[in-house]
2 protein chains.
Amino acid sequence: MPKPPKVSPLEAHLGYWLRFVSNHVSHAFSVKLAACDVTVAEWVVLRELHGEDAVAPSEIAARIGMTRGAISKLVDRLAAKALVTRRPGRDDRRYQSLALTAAGRALVPGLAALADRNDAEFFGHLKPAERAAIEAVMREIVRRHGLRTVPTN
Amino acid sequence: MPKPPKVSPLEAHLGYWLRFVSNHVSHAFSVKLAACDVTVAEWVVLRELHGEDAVAPSEIAARIGMTRGAISKLVDRLAAKALVTRRPGRDDRRYQSLALTAAGRALVPGLAALADRNDAEFFGHLKPAERAAIEAVMREIVRRHGLRTVPTN
DNA sequence: TATTGTTATACTCTATAACTATA
DNA sequence: TATAGTTATAGAGTATAACAATA
């Protein structure tokens with residue numbers, strides 16, 4: 001008897017549906033951010049700096065699971081947009097002090113509102129219990145697998 | 001009274017948790033595929049060609065929501081790996097006939113098994129009802145928003 | 001010697017748009 | 001002229017690794 005190939009369809013995987021929805025949610029958000037000339041990766045960095053006095057690039061990299069090189073380029077762009085300042089560290093000059101500029105501080109709440117609105121567009125129709133159940137499942141998967149990085153793309 | 005900034009944390013958004021998990025699921029899958037020298041985007045094209053006699057690049061592009069230029073480059077790589085053949089169309093020579101090679105046909109079931117295993121690693125612990133509920137929510141969001149493209153990254 | 005941040009290089013994915021071959 | 005496929009260009013994101021400055 002010939003062996004059947006048994007190739008499961010893409011839609012058989014829950015990961016397929018999560019990626020499908022997640023990518024569209026992220027894309028819709030990136031379009032909203034683009035109106036403010038900010039990318040999703042830049043938003044994540046801005047959000048990390050919000051409410052902080054000074055954070056080192058390596059600290060940001062560790063928090064959001066990116067390399068120092070990637071953070072360096074992101075901070076280049078954010079500094080060029082005058083949203084973030086780089087200052088040499090006081091005690092240990094290897095460490096830089098990153099901080100939001102006044103323009104950056106002024107911008108972040110508006111971007112956060114875009115994030116709220118984007119989430120509501122896709123998930124606002126869910127019953128609170130449905131929403132909480134899905135969040136709990138995702139948190140449990142993060143915990144089980146020890147996932148650490150913040151996804152930016 | 002001063003207005004409070006009201007910057008919601010990233011974790012307040014369900015989209016954050018979906019992207020967090022989804023990106024790790026995709027990344028884990030991409031690592032498994034890399035052992036077979038295949039990317040996720042290439043896998044999606046291979047999967048579309050599986051079980052088909054001949055499909056035009058523009059048809060693939062329409063199905064998975066990529067541009068013809070992107071498909072052209074992907075097919076370049078798949079042809080270089082001898083997994084896919086390009087033949088000129090019979091009746092209308094503007095249309096190409098893409099098809100899996102014997103090597104491509106032999107490879108696809110193994111890749112599908114990797115996809116099954118990857119999904120099980122992340123979602124295998126869920127109760128069938130939990131899994132079905134999440135899939136139903138995602139399908140409903142896809143339906144509500146008329147989402148069409150297959151996510152490949 | 002170890003660590004921070006920078007830079008160079010490279011690769012994937014994506015999109016736009018100009019280009020060709022065919023119809 | 002309209003469409004299919006190709007190609008060039010660009011940009012975002014990512015990673016690795018070599019590098020300079022600092023400790």
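Trainee: How are α1(A) and α1(B) oriented to each other?
Mentor: This is a predicted model, where local features need pLDDT of at least 70, side-chain atom pairs 80 or more, while totals for chains, interfaces and linings use all residues, and side-chain values use heavy atoms, without hydrogens or water. Residues are numbered from 1 along each chain as written, with chains lettered from A and ligands numbered from 1 in written order. The two helices (DSSP runs of H or I, at least four residues, numbered from the N terminus) each span residues 14-34, and their axes (lines fitted to C-alpha atoms over the stretch in contact; angles run from 0 to 180 degrees between N-to-C directions) lie 9 Å apart at about 125°. Roughly parallel means under 35 degrees, roughly antiparallel over 145, roughly perpendicular 65 to 115, and the rest oblique, so α1(A) and α1(B) are oblique.

Trainee: Which residues of α1(B) make the contact?
Mentor: Contact means heavy atoms within 4.5 Å. From α1(A) come A:G15, A:L18, A:R19, A:V21, A:S22, A:V25 and A:S26. Facing them in α1(B) are B:G15, B:L18, B:R19, B:V21, B:S22, B:V25 and B:S26.

Trainee: Nice! Which residue forms a salt bridge with A:K81?
Mentor: A:K81 sits in the loop between α4 (68-80) and β1 (84-88) of chain A, and its partner, 39 residues apart, lies in helix α2 (residues 40-49). The closest N and O atoms are 2.7 Å apart, and the partner is A:E42.

Conventions. A salt bridge is a side-chain nitrogen of Lys or Arg within 4 Å of a carboxyl oxygen of Asp or Glu.
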